[in-house]
Amino acid sequence: MIQTVEIARIMTDLLPKLGAEDTAVIGVNLPALTSRLRHLEDAFPEGVQHSIAIKTNPHPKMLEFLVSQGFGLEAASIEEVRMALAAGCSPAQIVFDSPVKTRNEIREISSFPGILANVNSLEELDRFDADFEGILGIRINPQVHTGAPDLYDVSKNESKFGVPVDMKEHIVDAALRYPVRALHMHSGSQMKNLNIQRGALKELKRIADTINAEAPGKIKVLDIGGGLLTESLGSQTQMEAYGQIVAEVFRGSGYLLVTEFGQWVQDEAGFALSVIEYVLTPNKVFIHLGADFFMRDVYTKARSFPMTVWNGDATQVQGLDKVYDIAGPLCFAGDYLAHGIQLPAVLQEGQYLFIDHTGANTYALWSRHCSRTLPATWAWDGNSMVKWSNRLTIGF
Ligand SMILES: Cc1ncc(COP(=O)(O)O)c(C=O)c1O
C-alpha cells in the first residue's frame, strides 16, 4: 500500500507537469510493481517461468518494463502476441492462449521458436501442422470450484475454456497422437481456496505422468495459469502459500512450470487521479473516471479503492469526514465508482481525488461509451513522474 508521503511526492512532481486538459491521469507505481515481481519470483521454486497476463494491463511501456525485468507475457489474442514481440519478449517466453485461434493466426505463430500455444479444445489440435516450431499444449478445465466469483470462474462444467478433466482418457489419447508437449490449466481469477487448487494441480500432474508413462518425456511443460486475488505484501502472503503448494506438488518431477498471473501483479501497482469537477448538495461528487476506466467495477461489483483528496498545491485535504457518493462522467444512471464512502467534509471543485490500487483491468478495459478521451499514462519511478503516453482521443 502506497504511503501518504509517497503520494505527496508524486503529486508535487506531477501536478506542475499537467495541462488544463488533464482532468484525469492513469498512474503506474514502478517501485511497487518491482517489489511485486520480485515477491512472485521468490515465492516460487527456481526455474519457474512467469508470463504475466497482458490483458490485465496491455500498455506497451508496461510490457517493455515486464520484459526488461526478465518476465514473459501471456497473450489472449494474436494482437497481444504481436504486442509481446514488439515489447522485445522472446517467443519462448510468450504463451498464446486465445480460445478462437484462426488458421491464419496459427500459421503466423508456427515459425516462432518455443512459443507455448495452448489449444482450447481437442478439435483445435488438427489446425497445427507437424512442423510447428513452438510448444503445443492442451488446456484442461479442472472442473473445480476454487471460490472464484461466478463471472471469472472458468472451471465450471459448462465453461467454454479447456477440455473437461473428466475426459481424461481422451486427453491422454490426443496427447499421444499429436505433437503435444504441454498441459495447461487456469482455474479462474480471484481463487480463494488454495486447497482445492492443490487438488487440481495434482490432477494435472497425474495426467502428465500418465502420458509420460506411455511415451517417456513427451510432456515437458505444465502451465498452471494465474488466478490469485490481489493482496498487500506482508510477512506470509497467499502468493507464498501458493508457491509452497506448487513446490510440494511438483517437487522432483522435472516439468518446466509456467504461470500466468495478472491481477495479483498489477492491481496495487497502479493508481489514478481525477480532478473533482462538481460537489453537489448533499453528497454527490462528480469525477472524470467512471465506467470508462472502472468498467468491471461499475458494471459488476465495485472493489473498494483507497482514496485520498489533494489540493492543487500537492497538500492533502484533511479534516472531519463526510459520507459521499462518487459519480463518474458517463451518461447513464449506474455510473458510480462508490457509494457512501468517507472523505473530508471540505471537498470542492478543483481538488484531486487520488485512487489507489487501480492497476488491473482498468486501462485494459477502457470503454468508448460517451467517446471520452483516454487520459495520459504516467509512471512513478520513485523520484519523478515520467510520461508513458499522451491523452488519446477515441477514433471510430
Ligand atoms: C488463461 C488466463 N490466464 C491468466 C489469466 C490472469 O488471471 P488473473 O488476473 O486472475 O491472475 C486469465 C484471466 O482471465 C486467463 O484467462
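Colleague: How many residues of the shell around the ligand are charged?

Modeller: This is a predicted model, in which local features need pLDDT of at least 70, side-chain atom pairs count only at pLDDT 80 or more, and totals for chains, interfaces and linings use all residues. Residues are numbered from 1 along each chain as its sequence is written, and side-chain values use heavy atoms, with hydrogens and water left out. The ligand is surrounded by 13 residues, where a residue is near a molecule if one of its heavy atoms lies within 4 Å of it. With Ala, Val, Leu, Ile, Met, Phe, Trp, Tyr, Cys and Pro taken as nonpolar, Asp, Glu, Lys and Arg as charged, and the others, Gly among them, as polar, the shell contains two nonpolar residues, six polar and five charged.

Colleague: Is T358 buried or exposed?

Modeller: T358 is found in the loop between β17 (352-356) and β18 (376-380); strands are DSSP runs of E of at least two residues, helices are runs of H or I of at least four, and both are numbered from the N terminus. Buried means under 20% relative accessible area, exposed over 50%, and partly exposed in between, with a 1.4 Å probe and protein chains only. The relative accessible area of T358 is 2%, so T358 is buried.

Colleague: Which residue has the backbone nitrogen that the side chain of T358 reaches?

Modeller: Not counting residues up to four places away in sequence, T358 touches D267, G270, F271, A272, F293, F294 and F305; contact means heavy atoms within 4.5 Å. The backbone nitrogen that its side chain reaches, at 3.4 Å, belongs to A272.

Colleague: At what angle are the planes of the rings of F293 and F294?

Modeller: Eight aromatic pairs are found in the whole structure; rings of Phe, Tyr and Trp (its six-membered ring) pair if their centres lie within 6.5 Å, with planes under 30 degrees apart stacked, over 60 edge-to-face and the rest tilted. F293 and F294 are both buried. Their ring centres are 4.9 Å apart, and the pair is edge-to-face because the planes stand at 80°.

Colleague: Why is the pair of Y299 and F332 stacked?

Modeller: Y299 is partly exposed at 47% relative accessible area, and F332 is partly exposed at 26%. The ring centres are 5.5 Å apart, and the pair is stacked because the planes are at 5°.

Colleague: How many residues apart in sequence are the parts that Y299 and F332 tie together?

Modeller: The pair is stacked. Y299 lies in helix α10 (residues 295-299) and F332 in the loop between β15 (321-327) and β16 (336-344), so the distance along the sequence between the parts they tie together is 33 residues.

Colleague: Where is S371 found?

Modeller: S371 is not a glycine, yet it has a positive phi of about 55°. It is partly exposed, with a relative accessible area of 38%. S371 is found in the loop between β17 and β18.

Colleague: What is the relative accessible area of Q143?

Modeller: Q143, also not a glycine, has a positive phi of about 50°. It is found in the loop between β6 (135-141) and β7 (163-164). Q143 is partly exposed, because its relative accessible area is 22%.

Colleague: Which residue takes a positive phi just after α3?

Modeller: Helix α3 (residues 60-68) has as its buried residues M62, L63, F65, L66 and V67. Just after α3, a positive phi of about 90° is taken by G70.

Colleague: Is the peptide bond from T281 to P282 cis or trans?

Modeller: P282 is found in the loop between β12 (278-280) and β13 (284-286). With omega near 0°, the peptide bond from T281 to P282 is cis.

Technical notes:
Polar contact = N/O pair within 3.5 Å; in protein donor to acceptor, adjacent residues only side chain to side chain.
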